[in-house]
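Subject: Structure handover

Hello,

Here is the structure I promised to pass on. Please open it next to this email and follow along.

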Amino acid sequence: MELIVTSLRLEAEGVLGVELRHRSGDVLPPFEPGAHVDVSFPNGLMRQYSIASPASDTTRYWLGIGLAPASRGGSRFAHHELRLGDTLPVSTPRSLFGLHEPATGHLFVAGGIGITPILSMIRRCVERDLPWRLLYCVRSRRHAAYLEQLAPFADRVTLHADDEHGGHPDLHTALRQMPADWHVYTCGPGVMMDAVCDHASALGIGTHAVHLERFTAGAQTPAETGAFQVRLLRHGGQFSVPAGTSILEVLEDNGVCLPSSCREGLCRSCEVPLVAGTADHRDYVLSDEEREANKSILICVSRAKCAELVLDV
Ligand code: FES
């Protein structure tokens, strides 16, 4: 889709709100709360941004774009060069971080710009009268976007500003106080999400009840593995994937171009069915059950635990 920038607003220090609409005023494709879109910038970069606006409003997408300290050009372009009236190619929304509505309630743990998809999920809870609470963690109130919109829900929102509280939020207590059969949703810095997962595990909260969305890949580099073969069932051909090169790159070098976006194991757009072989899953989005099932692989980052993988490509 070619969408037009109809509003730009500084939501907080380092957080730009970008409203996108069809030039013609047409209705936009629907999305689930927590969904994101791929945005392509004129400098050739493509980035994923979560939609903050309510899913019930299909006239526009409000994106929240945090200025990344080490921006490789995406958020820096948006913050410094994007102008009202600009047109941007935008994908249809994809949902990897949805609300599990059958849960008896929903605890949201947002860190910084991670509030963006969670705001849309909160709006769904409000519209459907679902129980929820939010722990919103920021460096300072200056960095806290959407406080005005959260103000009517002061009894359900806990704002943790590091500079006021002198340290990190007490995630363990927040999770321990979560009623039984609630689900927890977290989005923000990787260390915070890892801590939520660790505390949830220590408290016996099942992984089915813990939902997370990462914006960036972890800093840790997994142990390198050696070369392996990849065979394409329908396209035909067998290719060697050397250490340090992804399956996606090898296929592209051989003229087999498949969909991809983040190329960091975050967005799932490069997922392909796996017919044979055991994947060494290195993405951040497959569930434990999906890894165990070994039915698909994200070829931008994942590798093989065996000599050959056969892909249904
Ligand atoms: S391209 Fe995003 S997960 Fe592979």
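First, a term for what follows: helices (H or I, at least four residues) and strands (E, at least two) are DSSP runs, numbered from the N terminus. The model is a predicted one: local features need pLDDT of at least 70, side-chain atom pairs count only at pLDDT 80 or more, and totals for chains, interfaces and linings use all residues. Residues are numbered from 1 along each chain as its sequence is written, and side-chain values use heavy atoms, with hydrogens and water left out.

**Overall**

The protein has eight helices and 18 strands. Its radius of gyration (taken over C-alpha atoms) is 20 Å, close to the 20 Å that the globule rule gives for 313 residues, so the protein is as compact as a globular protein of that length. The globule rule is 2.2 Å times the number of residues to the power 0.38. Along the principal axes, the C-alpha atoms fill a box of roughly 60 × 50 × 35 Å.

Of the 313 residues, 47% count as buried. Buried means under 20% relative accessible area, exposed means over 50%, and partly exposed is in between (1.4 Å probe, protein chains only). Now contacts, meaning heavy atoms within 4.5 Å. Among contacts with a separation of 6 or more, 64% join residues 24 or more positions apart.

**Domains**

There is domain 1 (2-89), domain 2 (105-213) and domain 3 (228-311). These bounds come from an automatic or database domain assignment. The centres of domain 1 and domain 3, taken over C-alpha atoms, are 30 Å apart. Five residues of domain 1 are in contact with four residues of domain 3.

In domain 1, look at helix 1 (residues 74-81). Its buried residues are Gly74, Ser75, Phe77, Ala78 and His79. Their cover includes strand 2 (15-22), strand 4 (46-50) and strand 5 (61-66).

**The second largest pocket**

A word on method first. On a 1 Å grid over the protein atoms alone, a cavity is a set of points where a 1.4 Å probe fits but cannot get out, and a pocket is an open set with protein on both sides within 12 Å along at least five of seven lines. Lining residues have an atom within 4 Å of a point. Grid points are joined across faces, edges and corners, and a volume is the space filled by probe spheres set on the points.

The second largest pocket holds about 870 Å³ of space. It is lined by 28 residues, and Val210, Leu212, Tyr284, Leu286 and Ser287 are the closest to its centre. Helix 6 (190-202), strand 11 (210-213) and helix 8 (288-293) each supply at least two lining residues. By type, the lining has 11 nonpolar, eight polar and nine charged residues. Here Ala, Val, Leu, Ile, Met, Phe, Trp, Tyr, Cys and Pro count as nonpolar, Asp, Glu, Lys and Arg as charged, and the others, Gly among them, as polar.

Where does this pocket lie? Domain 2 and domain 3 both give residues to its lining, so the pocket lies between them.

**Positive phi**

Most residues other than glycine have a negative phi. Tyr146 has a positive phi of about 70° and is not a glycine. Tyr146 sits in the loop between strand 8 (132-138) and helix 3 (147-150). It is buried, at 5% relative accessible area. Arg268 also has a positive phi, near 80°. Arg268 is in the loop between helix 7 and strand 14 (271-276). It is partly exposed, at 22%.

**Other loop residues**

- Glu264 lies in the loop between helix 7 and strand 14. It is partly exposed, at 24% relative accessibility.
- Ser246 lies in the loop between strand 13 (238-241) and helix 7 (247-253). It is buried, at 11% relative accessible area. Leaving out residues up to four places away in sequence, Ser246 touches Val241, Ile299, Cys300 and Arg303.
- His235 lies in the loop between strand 12 (228-232) and strand 13.
- Gly206 is in the loop between helix 6 and strand 11. It is partly exposed, at 26% relative accessible area. Gly206 and Asn294 are 88 residues apart in sequence and 21 Å apart in space, C-alpha to C-alpha.

Best wishes
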